[in-house]
There are 2 protein chains.
Amino acid sequence: MNAEIISVGTELLLGHTINTDAAFVARELSAIGVNLLYACTVGDNAGRLRAALEEALGRSDVVITTGGLGPTDDDLTKETIAAVAGVPLALHEDSLRRLEEYFRGRPPMGENQRKQAMLPEGCTPFPNDIGTAPGCGVRTAAGKIIIMLPGPPSELVPMLQRYVVPFLSGAAHAVIHSSMIRTFGLGEGSGALKIADLTDAANPTAATYAKENEMFVRVTARAESEEEAEALCRPVVEEICRRYGDVVYGVDVENLESVVVALLRERGLRLATAESCTGGLVAKRITDVPGASDVFGTGFVTYANDAKTRLLGVAASLLEAHGAVSEPVARAMAEGARKASGSDLGIGITGVAGPGGGTPEKPVGLIYIALSAGDETFVRRMTPPGRIHGRGWLRERAASTALDMVRRYLCDLPLEPAAPPSPATPLGT
Amino acid sequence: MNAEIISVGTELLLGHTINTDAAFVARELSAIGVNLLYACTVGDNAGRLRAALEEALGRSDVVITTGGLGPTDDDLTKETIAAVAGVPLALHEDSLRRLEEYFRGRPPMGENQRKQAMLPEGCTPFPNDIGTAPGCGVRTAAGKIIIMLPGPPSELVPMLQRYVVPFLSGAAHAVIHSSMIRTFGLGEGSGALKIADLTDAANPTAATYAKENEMFVRVTARAESEEEAEALCRPVVEEICRRYGDVVYGVDVENLESVVVALLRERGLRLATAESCTGGLVAKRITDVPGASDVFGTGFVTYANDAKTRLLGVAASLLEAHGAVSEPVARAMAEGARKASGSDLGIGITGVAGPGGGTPEKPVGLIYIALSAGDETFVRRMTPPGRIHGRGWLRERAASTALDMVRRYLCDLPLEPAAPPSPATPLGT
């Protein structure tokens with residue numbers, strides 16, 4: 001079964017909204033074995049939307065639209081779908097009741113809100129458990145399916161998972177199993193070279209890709225059952241992990257921070273953070289993980305020097321002798337975070353994230369990252385990458401390096417990847 | 001001049017990478033007056049890419065591809081563009097020299113890396129100042145332009161800004177001016193109603209859209225010069241700001257945190273944060289702003305109760321009597337952050353971000369947000385929204401509410417929006 005996504009919204013073509021909906025829909029389709037061959041974006045223009053719908057229905061079994069269902073005049077998706085399917089819009093009583101319930105205790109519902117309860121006649125409505133605009137599934141006379149979803153991700157995601165996936169998965173037959181190998185500290189080029197022989201296969205397929213600071217390999221197999229598809233993937237995943245070694249931080253895991261939280265919980269250890277240039281990013285990423293309170297109780301954002309001294313006990317003489325961006329200060333921050341919080345492990349990060357503040361001795365991109373554990377403190381130095389990177393990239397890279405050091409420490413691995421060299425190099429303990 | 005974007009990559013159709021490139025390219029095109037009518041995504045498949053390229057060249061003046069330029073075998077964009085343009089690939093000496101320089105001090109360059117210096121004959125090459133794959137601009141025999149860009153955003157963004165915009169802006173003539181009005185605390189539906197008469201106009205246009213916690217209006221005008229276009233926008237922007245009132249936090253500003261940092265700097269005040277359920281997110285957002293160190297020196301992530309007591313001086317008896325998620329504890333956290341850091345203002349946030357940890361009395365979504373300033377402390381209570389929201393949404397909403405309270409305090413505005421009601425309600429001082 002082939003599908004296409006049509007994202008509707010001039011704001012997408014002006015670039016002021018990033019299309020996360022399409023990625024989310026794509027992931028859910030792939031999980032139920034629906035092939036996505038194209039995705040496209042059109043503005044809030046009935047003529048172009050109609051042309052895109054007709055073209056998509058000509059070559060695909062399922063067409064999914066996102067966006068253009070709101071209460072405003074430029075929301076034209078529903079009317080266009082009804083026209084293409086050749087059915088009128090009709091009031092959907094249950095959706096109207098939900099709208100009325102939603103507006104209870106709020107300002108009165110306007111006529112433009114009420115029109116959201118109008119749906120193409122004969123459709124399967126999908127309730128909106130978060131917002132106001134319901135979605136629906138429409139079957140055309142030619143047996144094709146049009147799925148209409150709201151644009152806001154907070155509304156689209158639950159509607160897709162709760163109502164659309166069950167609606168569609170009955171219609172799809174082949175099953176896909178995918179595994180995602182996640183690495184930190186490996187470039188895409190050298191990563192691809194190491195598994196070149198495996199990326200030629202047809203089933204399972206293996207594809208590498210880079211995502212800013214990380215490099216992933218997705219292994220995907222198709223079979224008649226989930227078990228068969230999974231059995232096809234397994235040996236390929238194991239071989240890739242063997243070749244990559246300890247830069248692999250997980251297979252089918254959420255992200256690096258969730259791996260670190262799980263490892264800390266397993267070991268019964270608590271972590272504290274002291275952040276200067278990352279400004280709370282490491283703490284934020286750790287507490288993104290539900291249940292992080294089991295392993296994380298205290299974080300310090302010591303952006304100013306006096307905060308480093310007062311909260312972490314970093315000696316003023318140390319700051320004066322070496323400067324805030326230095327190996328001894330990172331070390332003292334990590335130790336201070338651990339001691340001041342009574343935690344088992346402490347992270348300290350200090351550096352120049354830019355764009356200002358760089359000097360010839362301490363350029364933008366120079367960041368020291370320390371991990372204090374018991375009597376030992378380990379420090380890595382991130383040197384500026386060969387080419388220019390932005391503040392956000394440098395901060396994310398430093399935060400990931402800190403999290404990866406914790407992972408490596410807890411797994412008894414060397415605290416730096418052996419090869420290929422990454423921008424972060426060790427200074428020893 | 002009309003343009004289309006073709007994003008290339010199976011990872012996009014599998015949904016494991018969010019297409020931020022398309023949004024970035026769209027924004028830059030709009031800024032130089034190039035109309036984007038369609039954007040589409042195809043997988044790493046030469047046949048489908050070729051079909052998409054030919055279709056796009058049939059209806060648009062400029063076609064921009066992103067992705068598929070890497071060193072791996074499934075990177076087919078360059079070969080396909082050369083075939084469609086009817087030119088061979090030729091070694092580009094300068095690109096080869098850049099590649100060799102890039103690999104100096106790294107593991108030796110493989111043959112798959114070297115092929116990145118091959119470009120369509122007669123093209124205008126665009127250097128890659130960050131990574132390895134150069135881009136280029138190709139003119140077809142029919143006078144159309146194909147622009148080929150690498151996929152990683154860290155490489156695409158500088159290439160686009162430094163080389164592609166100058167290359168294209170010569171070819172475009174009409175100038176667009178856009179202004180973005182940003183609000184926090186206003187729903188899209190009621191926001192749209194208030195300006196319904198303004199969104200029907202053709203030049204300038206006004207379009208509303210919602211982005212999770214915020215609601216924006218973009219006003220766009222077309223004219224022969226930047227000055228004329230800007231003059232067309234100005235009265236419409238002023239009228240919308242007048243109607244919306246104090247929920248507008250800025251026009252053509254980066255985001256809420258940059259407005260708060262600028263206001264603090266203007267007033268010569270320093271802010272400190274004490275975060276429980278947001279876990280460092282407010283500090284992270286403030287320090288996303290370059291130069292935040294002028295106004296922000298210390299943040300506390302007091303996820304555990306004992307951290308609240310030890311670092312912020314929240315009395316254990318208070319925690320016992322009211323629980324960590326309570327109005328008095330938020331108040332004590334804000335006051336503690338201000339005093340412990342010697343700052344002028346202090347933020348305190350405590351709540352239940354979920355998914356676990358909710359009770360009938362203190363459900364997921366209940367979050368108290370306090371602002372301490374001098375002798376006064378203000379507290380707002382965020383109650384669970386009518387429908388289910390995720391941990392990330394609740395944390396972002398709480399962080400934005402805290403930042404908006406600082407903005408409102410510094411601008412002598414009521415600490416809550418007057419109308420329409422938002423999920424956050426005041427508890428008074």
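Leaving aside its neighbours within four places in sequence, which residues is A:I369 in contact with?

## About the model

This is a predicted model, in which local features need pLDDT of at least 70, side-chain atom pairs count only at pLDDT 80 or more, and totals for chains, interfaces and linings use all residues. Residues are numbered from 1 along each chain as its sequence is written, while chains are lettered from A and ligands numbered from 1 in the order in which they are written.

## Chain A as a whole

Chain A holds 15 helices and 18 strands; helices (H or I, at least four residues) and strands (E, at least two) are DSSP runs, numbered from the N terminus. Its C-alpha trace spans about 75 × 55 × 40 Å along the principal axes.

Of the 429 residues in chain A, 53% are buried. A residue is buried if 20 or more other C-beta atoms lie within 10 Å of its own, exposed if 12 or fewer, and partly exposed in between, with C-beta atoms placed from the backbone.

## A mostly covered strand

Strand β11 (residues 214–223) of chain A has seven of its ten residues buried. Two strands pair if DSSP finds at least two bridges between them. Strand β9 (residues 175–184) of chain A pairs with β11(A) in the antiparallel sense over ten bridges, and here A:I181 stands opposite A:V217. Strand β10 (residues 205–211) of chain A also runs antiparallel to β11(A), joined by seven bridges, with A:M215 as the bridge partner of A:A210.

## Where the chains meet

In chain A, 87 residues are in contact with 87 residues of chain B; contact means that the two C-beta atoms, placed from the backbone, lie within 7 Å. Helix α2 (residues 20–31) of chain A gives the largest share of chain A's side, eight residues.

## The nonpolar cores

A nonpolar core is a set of buried Ala, Val, Leu, Ile, Met, Phe, Trp, Tyr and Cys residues joined through C-beta atoms within 7 Å. The largest has 154 residues, among which A:I369 and B:I369 touch the most other members. Back to the opening question: beyond its neighbours within four places in sequence, A:I369 is in contact with A:A330, A:I349, A:V379, A:R380, A:M382, A:A398, A:T401, A:A402 and A:M405. A second, separate core of 94 residues includes A:Y38, A:L119, B:C123 and B:L160.
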